[in-house]
Amino acid sequence: MEFILYLAIIIVSTKLAGALSVKLGQPAVLGKLIAGIIIGPAVLGWVKPDDFIGHFSEIGVLLLMFIAGLETDLDQLRKNWKPSFAVAIGGIILPFVGGYGIAAAFGLSNNEALFLGLLLCATSVSISVQTLKEMNKLQSREGTTILGAAVVDDVLVVILLAVMMSFLVPASDVSIGLLIGKKLLFFVAIGLAGWLLVPRFMKWFAPFKVTETIMSAGLIVCFAFSYFAEEMGIAGIIGAFAAGIAVSQTAFKHEVESRVEPIAYTLFVPVFFVSIGLHITFDGVGEQLLFIVLVTLIAAVTKLLGGGLGARLTGFNNRSSIAIGAGMVSRGEVALIIAASGLESGLLPEKYFTSVVLIVILTTLITPPLLKQVFKERQTA
């Protein structure tokens, strides 16, 4: 029954830390992320990462992005596809150059420097989504652009990773054509499914004489889209986001949202927030403190400037551009997955793995207060 104790500790700590964070004028999600560090192996050691935490946190982030999809204005998303693409491109070029440069300065080989540059290109907006939601900015033009840019960023980074692995890893059997084909198939398939299948499925499933059929139908769509995304080489959170958009176009949008949010924010999403902090360990950090500090600064500044520049060039004013760039800073679980693949392939030296994980988590911790401050200044102006 240890996992029951874990759940109790996680729920209590995230609610208390979230409330304290709000009292101090910060987004609740920042307190929840810090709670994961405090109750995890880095400080108190009350909760340890295991398969249970991993599965619950995966469900949590999928539900978080599903809810984001439900709340997204599809017309706004269509209108902002050009800014989203520009933000994603800017948020890839500058971090890649900055990551490569700092890695070379620390004496990493050319291949290792290329990989670190690519790792810093990744973006995971699940934390930004929660912060924007708390500030009622998720449906703003800036929020919609951040969400659209995250989808483009994920696809481009996965393709670039495959290209890099095929050239730099001996005996790599990655087929670039197949990889791009799978991405195209994914977007065509979910577009057709969202237009033709999801509305019919929801109508067919809703009248069943069992409890919570509509919420169940929404979750089926969410998990099916997420699984299909992973099978096509795209992050499951993109599939969950697409599922939310598909369900939002049906008459069941508000009922699904009102049913899913309580279970998500009571149980699964807190586990996801805590799981990020559980990856932190301070073993050997002292020896690489300068590397961690400098790479974190490069990661945050290049993403902020790259994404902000893409937004500025496509019509946003300076404050909105900075807000969009800030929303792209968090690397989250996407970068952790890339780091793990780099360790396995030998492109990321083992001695730097813990430092890279810490850098990813630090960018995630930076994002909520940064977004809060930027939007606060924008509102004051």
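Colleague: How do the residues of the lining of the second largest pocket divide into nonpolar, polar and charged?

Modeller: They divide into 16 nonpolar, 5 polar and 1 charged; Ala, Val, Leu, Ile, Met, Phe, Trp, Tyr, Cys and Pro count as nonpolar, Asp, Glu, Lys and Arg as charged, and the others, Gly among them, as polar. Please note that this is a predicted model, in which local features need pLDDT of at least 70 and side-chain atom pairs count only at pLDDT 80 or more, while totals for chains, interfaces and linings use all residues. Residues are numbered from 1 along each chain as its sequence is written, and side-chain values use heavy atoms, with hydrogens and water left out.

Colleague: Which residues lie nearest the centre of the second largest pocket, and which element gives the most to its lining?

Modeller: Of its 22 lining residues, Leu74, Leu77, Ile190, Ala242 and Ile245 lie nearest the centre. Helix H9 gives the most, with 6 residues.

Colleague: What is the volume of the largest pocket, and which residues are the closest to its centre?

Modeller: The volume is about 840 Å³. Among 38 lining residues, Glu230, Glu333, Val334, Ile337 and Ile338 are the closest to the centre. H15 gives the most to this lining, with 7 residues, and the lining divides into 22 nonpolar, 8 polar and 8 charged.

Colleague: Which members of the largest nonpolar core touch the most others?

Modeller: Phe66, Leu119, Met202, Phe225 and Val256 do, out of 128 residues. Such a core is a set of buried Ala, Val, Leu, Ile, Met, Phe, Trp, Tyr and Cys residues joined through side-chain atoms within 4.5 Å. Helix H8 (residues 141–168) supplies the largest share, 13 residues.

Colleague: Why is the pair of Trp204 and Phe208 called edge-to-face?

Modeller: Rings of Phe, Tyr and Trp (its six-membered ring) pair if their centres lie within 6.5 Å, and planes under 30 degrees apart count as stacked, over 60 as edge-to-face and the rest as tilted. The centres of these two rings are 5.0 Å apart and the planes stand at 75°, so the pair is edge-to-face.

Colleague: Why is Trp204 called exposed, and Phe208 partly exposed?

Modeller: Buried means under 20% relative accessible area, exposed over 50%, and partly exposed in between (1.4 Å probe, protein chains only). Trp204 has 52%, so it is exposed; Phe208 has 36%, so Phe208 is partly exposed.

Definitions and conventions:
Helix = DSSP H or I, 4+ residues; strand = E, 2+ residues; numbered from the N terminus. 1 Å grid on protein atoms, 1.4 Å probe; cavity = no way out; pocket = protein on both sides within 12 Å on 5 of 7 lines; lining within 4 Å. Points joined across faces, edges and corners; volume = space filled by probe spheres on them.
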